[in-house]
Amino acid sequence: MLSNNDFNTKNLSDQFKKHIELTKKKKGVYLLSTISLTLSTALFLWGFQQILMNILYLVNLSFFSLIFRDAWSVKNKNIIPIIAITISILLTSSTLIDILKALDAFTSLGSTLQDMFD
């Protein structure tokens, strides 16, 4: 028997099948974690290219904590949602860190040019 703080890591293939089944039935955290993983993968692969997708990425970022909370509540039954949202957070974070590095490079370039012309 699993305690309240344990993850259910037994029969991962059965958990994955159950996750797919519950996603098709549009059940809460199962559907949300799948959508979040899909959006984060799209962000990781294509970046910020279209305005509609940018809005969806921002909505996805806004709901990470809520989806993670719900995934944490079902960790005893199925660990797949928590794995999906964790991967989603990591993919989005890596993309946003790269964007921040690029912005830092532009800021440094601007400072250098300003110092050069002063």
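View 1. Ser65, Arg69 and Ser73 are exposed on one side of helix H4, where exposed denotes over 50% relative accessible area, buried under 20%, and partly exposed the range in between (1.4 Å probe, protein chains only). Helices are DSSP runs of H or I with at least four residues, numbered from the N terminus. The model is predicted: local features need pLDDT of at least 70 and side-chain atom pairs count only at pLDDT 80 or more, whereas totals for chains, interfaces and linings use all residues. Residues are numbered from 1 along each chain as its sequence is written, and side-chain values use heavy atoms, with hydrogens and water left out. Helix H4 spans residues 64-73, and Phe64, Ile67 and Ala71 are buried in it. These buried residues fall within an arc of 70° when seen down the axis of H4, so they line one face of the helix; the arc is that of the directions from the helix axis to the C-beta atoms. The cover over the buried residues of H4 includes helix H2 (28-46), H3 and helix H5 (80-117).

**View 2. The salt bridge between Arg69 and Asp70.** Side chains of opposite charge can pair when their charged atoms come close. Here the side chains of Arg69 and Asp70 form a salt bridge, with 3.4 Å from N to O. A salt bridge is defined as a side-chain nitrogen of Lys or Arg within 4 Å of a carboxyl oxygen of Asp or Glu. By this rule the count is 1 salt bridge. Arg69 is exposed at 51% relative accessible area, while Asp70 is partly exposed at 26%.

**View 3. Ser40 and its polar contacts.** Ser40 belongs to helix H2 and is buried, with a relative accessible area of 0%. Its side chain makes a polar contact of 2.5 Å with the side chain of Ser88, and another polar contact, of 2.8 Å, joins the side chains of Ser40 and Thr92. A polar contact is a pair of N or O atoms within 3.5 Å; within protein, one must be able to donate a hydrogen and the other to accept it, and residues adjacent in sequence count only if both atoms are side-chain atoms. Leaving aside residues up to four places away in sequence, Ser40 touches Asn60, Phe64, Ser88, Leu91 and Thr92, contact being heavy atoms within 4.5 Å.

**View 4. Thr23 in helix H1.** Helix H1 (residues 12-24) contains Thr23, which is buried at a relative accessible area of 15%. A polar atom of the Thr23 side chain lies 3.4 Å from the backbone oxygen of Tyr30. Residues up to four places away in sequence not being counted, Thr23 touches Tyr30, Leu31 and Thr34.

View 5. Ile51, Leu52, Ile55, Leu56, Val59, Phe63 and Leu66 make a nonpolar surface patch of about 650 Å². Patch residues have over 30% relative accessible area and no salt bridge, and nonpolar side chains (Val, Leu, Ile, Met, Phe, Trp, Tyr) are joined within 5 Å. Areas come from the Shrake-Rupley method with a 1.4 Å probe, and for residues only the protein chains shown count as cover. Helix H3 (residues 51-62) contributes the largest share of the patch, 5 residues. Ile51 is located in helix H3 and counts as exposed at 65% relative accessibility.

**View 6. Asp104 in helix H5.** Asp104 lies in helix H5 and is partly exposed, with a relative accessible area of 48%. The C-alpha atoms of Asp104 and Thr41 are separated by 24 Å, and these residues are 63 residues apart along the chain.

Definitions and conventions: Patch = residues over 30% accessible without salt bridge, like charges linked within 9 Å, V, L, I, M, F, W, Y side chains within 5 Å. Helix = DSSP H or I, 4+ residues; strand = E, 2+ residues; numbered from the N terminus.
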